[in-house]
Amino acid sequence: MRNLIYLLFFLFNLSLFAQEYFPDNEGVKQQTDITYVFTNATIVDGYDNMMRSGQLMIKADKIVAVGKNISIPKDAVIIDLEGKYIYPSFVELFSDFGIKDFKRPSSNGQPQYGPSRDGYYWNDHIRPEQNLTNYFDFDEKTAKQLRKAGYGLVNTHVDDGIIRGTSSLIALSESEDITKTLVAEQTAQVFSFDRSNQTRQSYPTSIMGKMALIRQVYNDAEWYQTENAKNKDLSLEAFNQQQDIPQFFHTDDYLDALRADKVGDEFGVQYTIIGSGDEYKRINEVKQTNAQFILPLNFPKAYDVENPYLTQYLSLSDMKEWHHAPYLFKRFEKYQIPFAITANGLKSPDKLLSHLKTAIEKGLSKEKALAALTQKPAEFLKLSDQVGHLKPGAYANFLITSKDIFEDNMTIYQNWVMGQKHELADMNLVDISGEYQLSFNNQTYDLKLKQSKGKYSAELTKDTLKFGTKLNYKDHWFYLTVTDKSSENEFNRLAARIDQPQSDFQGKVFLNNEVTSNFVAKYQDSKENKKDDKSSDKKEDKDEMLPVTYPNMSYGFSEISSEPKPILVKNATVITGESDGTLENTDVLLKDGKINKIGQNLKSSRAKIIDGSGKFLTAGIVDEHSHIAATSVNEAGHNSSAEVTMEDAVNPDDISIYRSLAGGVTSIQLLHGSANPIGGRSAILKLKWGQPADEMIYDNSPKFIKFALGENVKQSNWGSRTRFPQTRMGVEQVFIDYFSRAKAYGEKKNSGEAYRKDAEMEALLEIINSERFISCHSYVQSEINMLMKVAEQFDFRVNTFTHILEGYKVADKMAKHGAGGSTFSDWWAYKYEVNDAIPFNAAIMHNEGVTVAINSDDGEMIRRLNQEAAKSVKYGNISPEEAWKFVTLNPARLLHIDDRVGSIKEGKDADVVLWNAHPLSVYAKPEYTIIEGKIYFSLEKDKELRQHIKKERSQLINMMLRAKNKGLKTQPIKKENKEFLHCDSEIELH
Amino acid sequence: MMKYLFSLLITFTIFNLCAQQTPAPEQSQPISIVGVTAHIGNGEVVENAIIVFENGKITQVSDVNKAQPKGKVIQAEGKHVYPGFIAPNSTLGLAEIDAVRATRDEDEIGTFLPHIRSVIAYNAESKIVESMRPNGVLMGQITPRGGRISGTSSIVQFDAWNWEDAIVKADDGIHMNWPRSFSRSGNWYDTDRRYEINKNYTKQLDELHTFFDKSKAYYQSDDFNRNTVYEAMKGLFNGEKTLFVHVDAEKEVLDLLAFKAEYNLENVVIVGGAEAHRVANEINAANVPVLLQRVHSTPNFEGDDYDLPYKLPKLLSDKGILVGLESSGQMERMNTRNLPFYAGTAVAYGLDKKEALKMITLNTAKILGIDDFAGSLEIGKDATLFISEGDALDMQGNRLTHAFIQGGEISLESHQTELYKRYSNKYNHKIDE
């Protein structure tokens, strides 16, 4: 605390004479603690706590009393607020107010792998010690904007880094008294998935790397706290001290919100999540986080769809995003998820109320809207006693407004911050808005006076003629300059004092010829006109909310159905993939997610019957090597990233999932990329389109990890020439080094001694203990052989070599070692190390006794892996039965999921595909793709979805055209990007 | 120095490995294929056929009972004969290994490069080229990439000692990349790289017009000094060359059709045509053929039918458009051997099988202007053909027993089959021939 005050002195090293015991040499010492009483106001401390003709008494920076008949001290200044409203001023929860942007340090052209600091955490993106006060500089310009928008307090922080230190609550007041400005210190510890700009340290480059890093911080912090690590780490010290205050996590999309919550759950921390605005996409999962949310109001603008050719480039996802964003708040309210609102992300805080009113039009209640700006922020900061409310003891932070804040043409007159008045508009200004008949010089004109946010403007017309006007109206004085547009030099100036609202007034005219005369303005009652305006306004907003689909894009399902009905496939040719071989005219019953029965003349009264005559039923295709459904593929910041897991990076909203289903694929291994020798852990998924990410991941999933060899890991075609290793010789040593360390780690762990929990070492130890399996990206025979020898040295087996295009050269050794091979059917020539790749590779490995799979590694090829399997018949004479196993049973075996999938066998998961022809034929296509007994793709369903897309697109395009006609701003169309992630993605190579 | 040595080493290694199968000698005696199912390539199929060719030309195609075999007889009962498949818009032989820059010669710098001639860089001994032949792909249009006008293509056959001998038609067409309405934003490392409206579209069209105006002026006048760039464009105006325009989007296609009319260009071909189905009637009315993008593609847009690229050949051919299939795109050279399976996939999604075959044989020959001597099994045409044990459009059936280019029987071996044999022998596996 002493530290803090010390810092504050530096910070506010302005004049400090406001402190009461400080001498003052500049005048008489003023009494500052005046008592103010505001009377006759409608006091709104939340819409469930409204008081008409209320009184509010404040003294210094505190509210002293609120009520109908409070006792008013004699020395109080009384302010009559007849007809006006008092609200608590808003609290901005998520701000970087007073913090300057950081410029990234300049680069020497080489990546930086180590940290830049001593005495802090090993990773520069972890900066919990970052205290606001070291960086803060009161920014009056922004403060003014925020006060204008209705804010009294901002919770600001240094918005830089993954763990970025603590926020503080700052009063938006110009006060020189620091105690009035710094309302609360260390209000929350703030996290994000954004890297720090104060460093160039490479790690982490990916979402899974960031999550792994945060986990490691928790582990290290615990170790530091309990075991008194020998080194001094100011970051971890700060982190440990800051565990008992609220923990805020800033996220960029709903997937990140779920990810943040997942990390928190693992360490018993409940984050308050600063959302991104797309949480409506998976509201159930968002609800299940049990987190409270801070939501932005930055709705996307409508797209300019007037050009029909360009409109084709606009995706349904983008259109729906525009459409659904304003409904977010209604959905949060309905699902009873607590939320506050932030103006962060808006172009200017000015837009706050207008955007919020849009949300109210779309179904958010006024009660929740107001609470989200006042009570909820206070609650989230655990400062409800002091801020966000109008109650005795709370800080005197409130707004005086002309009417209900959500009504049109509401004016905020005054924003009181910590007992200090900030006038935004003259509240004693007599309301002169309305229509008048203006007469002077024997002429009559129509005068329209309009008010917006306390500012008036004038419109002067005579018949169809419109005059130029300039109005200056304040302190009861009305000055109007009128120009005849046809003769620019003729100015008439009108002046009048006005004391009565909306009534006749008169004054003097200074004509252009220096003659003066009088004018009269007669007030015209125009209420009827106003009513018309309003009703027409409302009509236009009748657009109804389109249903959210899962995912909320083309081909999304309107619901995630629960228990599927049994399915009975009749009279199909069943390619079992088991010793039964191929069965003609056979029925298969799918029930409770399993293959229930295979036989002849099966019956089921409840089942949906699918006629399989002339068709082929097979197990769903399993792709051993895929990168679809991923937010990110490579953690390229270290040469080992065994701590990261692709389970953290699953993106269930990837259209490739649906398209792969249409190609008969039901399971994939989502692999980490090949940027480093030791990559990340895998996610083994079922392509349950529409389900959230966690539902796609196999339960009791076997543990896998990606390794890689050759050109990519030695950075032949990308990156720097400074990262070890740069040769295949170095690659071997990376493995030996890491496994040796993992072994030592395991020994220490087993010894019962205290040890620092290290997620990377844990994964490597699992490999040594044969609890985690390697799928290794590999090409040439030397490196394949090398890895097997390394594994044998550490007494484990390499489970799978993937790509393995020279596997045929060492197939005998692979068979002996017990490694499988998952390869491309015919790819080659894309880099030097695939020069000897041959399409006969699969056949030779198979003939030598290696378990062979054919994989895609590609969002296009995954759609027709059946054809790729058929190439093994052409290249190398593999029998059709065996070739079919290359994409079903064999990859299932390699992934240790063959107890569940890969063949048609009673008791296995009902993951099956019905084809119109033998699946090895080029003429075959799937008609049904079923996972766990549920139809995820069928030609029929696909047809319906296509219709649905057409319908929704036309509805949304119409809505956008209406929006543009209404004068709303639009944005130019952006075309969606079609780019598949490969092993090499996120590094420069293709 | 080190770098230099390294490049030298790579170059040396590659050349060392590049020895192709020895090209076949000229046809010395008549050859007759008897009892075969003949897929003519023009939509006809003759069962139990006889095909005779002499001096490199086909002299007989008929029912086996209507003609006598001559010379060497190949009994091919139960087998199938096809005209050699033609790969248009290909960079085969212009680059060998994607990731090794020293091996890449397909993309010259500059904007308007009609004078750039692909064929002189065509490596007749490319290991990738030879790997086409066991799948029945026997000819290709070797095409440069990049720029607004990429250069001039030539058509080659895939069994030659050098580029000069490989030529079947030199300098057949000029390739142009039509401006796009959308251009890519951001940097390569941005995760969300969208395409944004190309504000320079009009300007780019204007540049194109200016270039064509100048070219036309050059063509019409004798006063100019020789200018290699405009000289190369002459063929477009006198009808000797075809203009191949690489264009995908609907609006751009319409702009192209207007451009064609404006310059009175006789031979214009659309290459790519991902959205050609939206303007199929207009394309057909303008009598413009389409060399359609790789069938094995993913749809461009999230809302597209999942099978759109698969069914595009049918959608266009149903409208009466002359369609050939091309295979440019990622890893295009090595993937070109899958050309027959692109056609096969189109059949799975509705196209008639005979139509599909035309799209990699006679249609392509017509589009390239070589149908007077190639593209089908018709009397008088080159004997560029192959025998397959089964349906050559299907992976399982595509097994070649013989292949001929201009009558010469070519080797079906390759670097890849040699490695296959070498290592099968190592393990004592039996290889069925």
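Predicted model: local features only at pLDDT ≥ 70, side-chain atom pairs only at ≥ 80, totals over all residues.
**Exercise 1.** How are helices α4(A) and α6(A) oriented to each other?

Solution. Start by finding the two helices: α4 covers residues 207–227 of chain A, and α6 covers residues 254–266 of chain A. Next, look at their axes, which come within 10 Å and cross at roughly 25°. Angles under 35 degrees count as roughly parallel, and α4(A) and α6(A) are therefore roughly parallel to each other. The crossing of α4(A) past α6(A) is right-handed. Now pick out the residues in contact: α4(A) brings A:Ile207, A:Met211, A:Ile214 and A:Arg215, while α6(A) brings A:Arg259, A:Val263 and A:Glu266. Sorted by class, this contact holds four nonpolar and three charged residues, with no polar ones.

**Exercise 2.** Which helix gives the largest share of the side of chain A that touches chain B?

Solution. Begin with the whole contact, which takes 59 residues from chain A and 49 residues from chain B. Several elements of chain A each supply at least two residues to this side, among them α9 (316–324), α22 (865–874) and α25 (939–965). The largest share, five residues, comes from α22(A). To finish, divide the side of chain A by class: 29 residues are nonpolar, eleven polar and 19 charged.

Technical notes
Residues numbered from 1 in each chain as written. Chains lettered and ligands numbered in written order. Axes fitted to C-alpha atoms, helices over the stretch in contact; angles between N-to-C directions. Helix = DSSP H or I, 4+ residues; strand = E, 2+ residues; numbered from the N terminus. Parallel < 35°, antiparallel > 145°, perpendicular 65-115°, else oblique. Left-handed = near helix turned anticlockwise from the far one by under 90°. Contact = placed C-beta atoms within 7 Å. Nonpolar A, V, L, I, M, F, W, Y, C, P; charged D, E, K, R; others polar.
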